[in-house]
Amino acid sequence: MKQLLMLTLALLCSGCGVIDLMLEAPQADENVLVEGRNFAVIFTGENAAEQGLGYEFNEDPEAYWTPSPTEVAALEAGLSNYLQSQLRDGMWGYGVWERLPAYGRQYFGLVFEGERLIFANYFCNTSDEMNWQEQYVLVMDGGDCFFRLLYNPVTGEYSNLIVNGEA
């Protein structure tokens, strides 16, 4: 035990960057930016609970959880096909799948009726005033610049697609 303590102290004092690594490690309650995407964040369960998401569903979720990057990647993998199957020519929001790379994204883990779901929120505005990394982006109207849906990571099913209208 004494040798382990001495080794740990030697590493900390050696200037090898261990202290920096410890300081930069994300905290358990920090939202996680999604690698490989501009403007994409996974909210922790704790932070999702503070966002008032019950408004979207007319009821509060039973619980909140933190989706994994793998679960989010699965959601994204089938998203374009899902949108194309739901938004027919002439429908509001038709063609949003063609602009998907430009959309910002927020992912929240919610539990309804015992099912763990991912609530995905998409938006094409990322102005300086938006604190999209820490606050749910809720916009009334705004057209197809804003849409959201639910995804079940166990079954791979999408549901509850809502594309904003314009006032």
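F57 sits in helix α4, and in this predicted model F57 is buried, with a relative accessible area of 16%. Along the chain, F57 and F112 are 55 residues apart, while their C-alpha atoms are separated by 9.9 Å.

Helix α4 also holds E56, which pairs up with R148 of strand β6 (residues 146-152), 92 residues apart, so this link joins distant parts of the chain. The bridge itself is a salt bridge whose closest N and O atoms are 2.8 Å apart. Both partners, R148 and E56, are buried.

How many salt bridges are there in total? The count comes to 2. The other pair to look at is R105 with E76, whose side chains meet at 3.0 Å, N to O. This pair, too, links distant parts of the chain: R105 belongs to strand β4 (residues 104-112) and E76 to helix α5, 29 residues apart.

Here are the two bridges side by side:

| Salt bridge | N to O distance |
|---|---|
| R148 with E56 | 2.8 Å |
| R105 with E76 | 3.0 Å |

Is E76 buried or exposed? E76 has a relative accessible area of 12%, so it counts as buried, the cut-off for that being under 20%. R105 is buried as well, with a relative accessible area of 2%.

Now for the acidic surface. Which residues gather in a patch of negative charge there? They are E59, D60, E62, E113, E115 and E157. Take E59 from that group: it lies in the loop between α4 (54-57) and β3 (63-65). E59 has a relative accessible area of 48%, so it counts as partly exposed, a class that runs between 20% and 50%.

Over in strand β7 (residues 157-163) you'll find I162. I162 is partly exposed, at 36% relative accessibility. I162 and N121 are 41 residues apart in sequence, and their C-alpha atoms are 9.7 Å apart in space.

Stepping back to the whole chain, the secondary structure comes to 5 helices and 7 strands. If you walk along the sequence, the pattern is α-α-β-β-α-α-β-α-β-β-β-β. The protein chain has 167 residues, and buried ones make up 37% of them; F57, R105 and E76 are among the buried residues.

Methods. Residues numbered from 1 in each chain as written. Predicted model: local features only at pLDDT ≥ 70, side-chain atom pairs only at ≥ 80, totals over all residues. Heavy atoms only, no water. Patch = residues over 30% accessible without salt bridge, like charges linked within 9 Å, V, L, I, M, F, W, Y side chains within 5 Å. Areas by Shrake-Rupley, 256 points an atom, 1.4 Å probe, with all protein chains shown as cover. Salt bridge = Lys/Arg side-chain N within 4 Å of Asp/Glu carboxyl O. Lys, Arg positive; Asp, Glu negative; His and termini not counted. Charge placed at Lys NZ, Arg CZ, Asp CG, Glu CD. Helix = DSSP H or I, 4+ residues; strand = E, 2+ residues; numbered from the N terminus. Buried < 20%, exposed > 50% of the residue type's maximum accessible area, 1.4 Å probe, protein only.
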